[in-house]
Amino acid sequence: MSTHDILHRLSETLASRRNADPEKSYTAKLFAEGPDSILKKIGEECAELIMAGKEGKRLKVVWESTDVIYHILVLLAFYGLSIEDVSQEMRRREGISGIDEKAARSQNK
């Protein structure tokens with residue numbers, strides 16, 4: 001099973017939790033609380049990832065990265081997006097210098 005498959009299945013599962021009972025599903029609870037709650041969790045998880053990175057503990061970096069990715073997928077699902085939307089954008093950017101890509105985004109704002 002590929003990473004791509006796992007992320008797609010998780011993305012679909014998260015979308016299916018949109019109308020689930022918030023008392024029985026953490027994802028449904030986040031949806032019910034709205035974007036501010038989801039964004040707060042992303043911020044918390046990013047801070048924990050930063051600290052894990054500073055500590056240099058590889059397993060902790062993996063755990064915290066997983067939490068960040070999960071909460072980002074929740075945010076995408078909240079807005080009716082999925083990992084496929086992110087994959088498409090990554091394919092679009094493939095082979096483009098990060099400096100050039102960022103400059104192009106600045107011009108399109």
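This is a predicted model: local features need pLDDT of at least 70, side-chain atom pairs count only at pLDDT 80 or more; totals for chains, interfaces and linings use all residues.

## Nonpolar core

The largest nonpolar core consists of twelve residues: Leu 14, Leu 30, Phe 31, Ile 38, Ile 42, Tyr 70, Leu 73, Val 74, Leu 75, Leu 76, Ala 77 and Ile 83. At least two residues of this core come from each of helix 2 (26-33), helix 3 (35-55) and helix 4 (58-78). Helix 4 makes the greatest contribution, with six residues. In soluble globular proteins, nonpolar side chains tend to be buried together.

Leaving aside residues up to four places away in sequence, Ile 83 touches Leu 7, His 8, Ser 11, Leu 73 and Leu 76.

Three aromatic pairs are counted in the model. The pair formed by Phe 78 and Tyr 79 is edge-to-face, because the ring centres are 5.1 Å apart and the planes meet at 85 degrees. Phe 31, Phe 78 and Tyr 79 are linked by ring pairs into a cluster.

## Packing of helix 1 and helix 5

Helix 1 (residues 3-16) packs with helix 5 (residues 83-93) at an angle of about 140 degrees, and their axes are 9 Å apart. Helix 1 is therefore oblique to helix 5.

Where the two helices meet, helix 1 supplies His 4, Leu 7, His 8 and Ser 11, while helix 5 supplies Ile 83, Glu 84 and Ser 87.

Methods
Residues are numbered from 1 along each chain as its sequence is written. Side-chain values use heavy atoms; hydrogens and water are left out. A nonpolar core is a set of buried Ala, Val, Leu, Ile, Met, Phe, Trp, Tyr and Cys residues joined through side-chain atoms within 4.5 Å. Buried means under 20% relative accessible area, exposed over 50%, partly exposed in between (1.4 Å probe, protein chains only). Helices (H or I, at least four residues) and strands (E, at least two) are DSSP runs, numbered from the N terminus. Contact means heavy atoms within 4.5 Å. Rings of Phe, Tyr and Trp (its six-membered ring) pair if their centres lie within 6.5 Å; planes under 30 degrees apart count as stacked, over 60 as edge-to-face and the rest as tilted. Axes are lines fitted to C-alpha atoms, for helices over the stretch in contact, and angles run from 0 to 180 degrees between N-to-C directions. Angles under 35 degrees count as roughly parallel, over 145 as roughly antiparallel, 65 to 115 as roughly perpendicular and the rest as oblique.
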